[in-house]
Structure formats: structure tokens, C-alpha cells
Amino acid sequence: MAASSRGFSTTQFDFKLRVTRLNAALLPKSPVLELGPRKRRKLCFDADRVRLGNGAIRCCCSDSVTPIRRTSGPGKGGDKNEERRFDTKKPPHIHRVRVQASPAAMPFASPPSFLKQEKFFPRCTPRNSGPQSRDTPPKRDTGIANEKDWGISLLNENVNESGTNEDGSTWYRESGEELGENGYKCRWTRMGGQSHDGSSEWKETWWEKSDWTGYKELGVEKSGRNSEGDTWWETWQENLHQDEWSNIARIERSAQKQAKSGTENAGWYEKWWEKYDAKGWTEKGAHKYGRLNEQSWWEKWGEHYDGRGSVLKWTDKWAETELGTKWGDKWEERFFKGIGSRHGETWHVSPSSERWSRTWGEEHFGNGKVHKYGNSTTGESWDIVVDEETYYEAEPHYGWADVVGDSSQLLSIEPRERPPGVFPNLDFGSPPSPEAHDDSLEEDLPPSQ
């Protein structure tokens, strides 16, 4: 089971895709799609009023399941396909309206759904039956699912069983518990299967971890391959811990997803993370990469809220073709108590290395005056001061109160009982940087132009 006791985190980021027009001289001769703005949800909780009660997980299943023939000894395989829905969207509400004065949005190619998506089937099955399988990949741009969407249900006893279904597909299920130093405990369940001819297979692991420092973790890892040759891998986890330096409780969530087509030169990868603490500090971000035949694209974005009114947001996205055409768009904004700035750039490089770009910026003084400026390589230029109200989001649309309310299973993990007089070992290490964020993927991404 590839799972660490610590993890990084992620966020929900919804895209609206729509056809757009742009100067034909600036784009490759291929269909293009535009990435729309993220949807916002109004923060409507008071963190001081959230109850940290235990959450109960119920399993409601149909009585009808595929008959199986049970066998003894280890075996691996799977039966019918299923797909877990990751729909964590809620009706959007405006917390604060943001008006961003920027050049026309650059289009970015986004591939069709080249990996087969199957009908959804419930995972839960009656006792003593084999686990139901899926041979479908994760969906793009679905962010981090909540724990309830995974349906993690760990067994309380050690299990090692396998079976064969009537269609010849096989399955297996294992569970156990691992103990370690400092009160470490890990409960896990592994399951998987394959079709009768071995053309499709799937694997999935669930786990929960805890120790005497108060650390708790819930996680999932899954992978698979279908009969068309499509392959995928996905991991999700959330953890609760107390910051050693500030003694403030933190919850972190993360997800990584990747899929590759078995019939064409296409695939994608995403890493999402979210970090929250009880005083309102929040960090969210995502790194994405994709390829469809001759075209590739990348995207990175981040949000940082210090819990005292300071906000940093940024986005950098770009694409290129095998012919050498490249284009992209990036922007950044920083605000504190109504004063701040925005700036960005839209650019394009032709196969002959001819470069076009337009840069723009805004300075918000907090008194109703905004300085706007910019220029382009084609001779455009502007530098004006206008009367304009400043809008920005001073708080995250999904914050500490929300993540606590969605983490009942994580909070209900029971650690090992600590003997009297035994105290946990705390590793303080070095204090974190105020601007620290996860850049581990950046070495895998080509730089923006």
C-alpha cells in the first residue's frame, strides 16, 4: 500500500468551457476552448459554532447482487464496471463580486473525453459477497472529493478472501492493521479484480492512520486498466494535525489523478491541494498537465489567505503544438484592506519564434481611484486613473468551518490508547515560511513563456 502518514492538499476548481474567437493569426489551426472563471460559494458558517461530533457511516445496499463462487486462497480479479461520482458542486452563490480588468481571455485547448466513462453503480454489497469493480478513469477538473463520496468502510477484522463470479471474472479483498512507535496505528483494506480474459483489472486501497500526537489521516488509492487499454491512477487523502509551532489545528486535503488513453497519444495529470487552520489561514492550489495528439497544455493556480484580510491569487496557463506554436495567459492579484494590485500578461509565439504579448496592470489605492496601465508589442499603450470601486474576495469561499463539517469520518478516527506516563514524541523541525507552498511538481512542468 503506497501511502504516507503525511500528505499535501487540494481544491475544487470548476471550469466553464465555451467556444471563443480570437485573431486567426495568433492561433494554430485547430478548435480551441476557453477556460472560464471559477464558481464561488458564499461562506455561511461560523467556525465557533461548528460541532466536532463523531460521524456515522451508513451503508444502504440493494439486496440483489451478482452471484459468485467463493474460493479459498489469494486470487485477483473483478466483475462489473462502476464509476464513483465526484460531484461536490453546490449551487453557486456570490460572496463578493470580483471585477477583473484584463485583456480578452486566451483560449486553451481541452481534449474531449477520450477515456471511456461508464454508468455509475453502487459500491456497497451485502456481507460475504465480492467487492464490485470499476474499469473507468477519474474525471478531469473535479477537484477534491469529500470523504462521503468515497464511501470508505474499513473492516474491523483481518480478512483474506477471494472469489470467482459467474462471468469468470475474479476478485480479492484483504484487510489488516499495522502498529508502530509513538502510538502509530494504520487500519487498511485492499481489494481488486480482473476480467476473465485479463483485459481489464482494478485495484483500490482504503486506510486510516493515527498516532499519539493527535495526527489523523484518511486515504484512498486506486488504479486500473480497461479492455480498450486505457490506464489510470488516483489517490485522495485528508489529515488532521496540530501545528507544532502555533498549536493551531490544521486540516489538509489532497488529490492526484492521471489517465492515459490506450488508443491515441492522449493523457492528463492533476494535483490538487487545500490547507486550512482554525484561525482562518487557507491555502489552495492545483497543477495540471494534458496532451491530445499534437497539442499539450499546462495550468497552475493558487490562493493564499492569511486569516487577517491579506489575499494572494494567481494563475498561469499555457499551451503548445508540435509545430512550435505557443500561447498563454497569466495574472496575479494581492489585496489587503481594500488596497492592492492586479497585473497580467497574454502572449503568443509563432512557429517562426515571432512573439506577441500584451501586459496590463491595476493599482487600487483604497479611495475609489484605480490606476490602469499596459502595453503590447504591436504598439498599444494606456496609462490612466479612473474612478472605480475595488472588489475582491477577502475570505475563501470554502473555509475552516466548511472543511470541518465535511470531515466527520476523519475526526471520528479512534487512536490507540496511550498508557499512563507515556507521552508522544514531537518533531518540531524548522518553522514554516509564511509564503511556503508546494512546488514539488514545478520541476515536471515546462516554464511559462
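This is a predicted model: local features need pLDDT of at least 70, side-chain atom pairs count only at pLDDT 80 or more; totals for chains, interfaces and linings use all residues.
**Strands, a buried glutamate and some salt bridges**

The chain has three helices and 19 strands. The mean pLDDT of the chain is 75, with 65% of the residues reaching 70 or more. Residues 1-127 have a pLDDT below 50, although the model still gives this stretch 347 contacts beyond near neighbours in sequence. Another stretch with pLDDT under 50 covers residues 434-446, and here the model has 23 contacts beyond four places in sequence.

Now for the chain as a whole. Of its 449 residues, 50% are buried. Among contacts with a separation of 6 or more, 59% come from residues 24 or more positions apart.

Strand β14 (residues 310-321) runs antiparallel to strand β15 (residues 326-336), and eleven bridges join them. Within this pair, alanine 319 sits opposite tryptophan 327 of β15. The two strands form a hairpin with four residues between them, and glycine 324 in the turn has a positive phi of about 105 degrees. On to the next pair: β15 also pairs with strand β16 (residues 339-349), again in the antiparallel sense and over eleven bridges. Here lysine 326 has valine 349 in β16 as its bridge partner. The hairpin of β15 and β16 has two residues between the strands, and lysine 337 takes a positive phi near 55 degrees in it.

Glutamate 147 deserves a paragraph to itself. This residue belongs to helix α1 (residues 147-150). Glutamate 147 is buried but has no salt bridge, and the nearest side chain of opposite charge, arginine 253, is 7.3 Å away. The side chain of glutamate 147 does have a polar atom 2.5 Å from the backbone nitrogen of glutamine 409. Beyond four places in sequence, the contacts of glutamate 147 include Leu218, Trp236 and Glu238, along with Asp406, Ser407, Ser408, Gln409 and Leu410.

Salt bridges do turn up elsewhere. Side chains of opposite charge can pair when their charged atoms come close. The count for this model comes to 19 salt bridges. In one of them, the side chains of glutamate 362 and arginine 342 meet at 3.5 Å, N to O. This pair links distant parts of the chain, with glutamate 362 in strand β17 (residues 355-364) and arginine 342 in strand β16, 20 residues apart. Glutamate 362 counts as buried because its relative accessibility is 1%, and arginine 342 is buried at 1% as well.

Another salt bridge brings together lysine 369 and aspartate 387, at 2.6 Å, N to O. Lysine 369 lies in strand β18 (residues 369-376) and aspartate 387 in strand β19 (residues 381-387), 18 residues apart. Lysine 369 is partly exposed, at 36% relative accessible area, whereas aspartate 387 is exposed at 59%. Glutamate 388 and lysine 372 also form a salt bridge, with their closest N and O atoms 2.9 Å apart. Glutamate 388 is in the loop between β19 and α2 (400-405), and lysine 372 is in strand β18, 16 residues apart. Glutamate 388 is partly exposed at 24% relative accessibility, while lysine 372 is buried at 16%.

Note on methods: Residues are numbered from 1 along each chain as its sequence is written. Side-chain values use heavy atoms; hydrogens and water are left out. Two strands pair if DSSP finds at least two bridges between them. pLDDT is the predictor's confidence in each residue, from 0 to 100. Contact means heavy atoms within 4.5 Å. Buried means under 20% relative accessible area, exposed over 50%, partly exposed in between (1.4 Å probe, protein chains only). Lys and Arg count as positive and Asp and Glu as negative; His and the chain ends are not counted. A salt bridge is a side-chain nitrogen of Lys or Arg within 4 Å of a carboxyl oxygen of Asp or Glu. A polar contact is a pair of N or O atoms within 3.5 Å; within protein, one must be able to donate a hydrogen and the other to accept it, and residues adjacent in sequence count only if both atoms are side-chain atoms.
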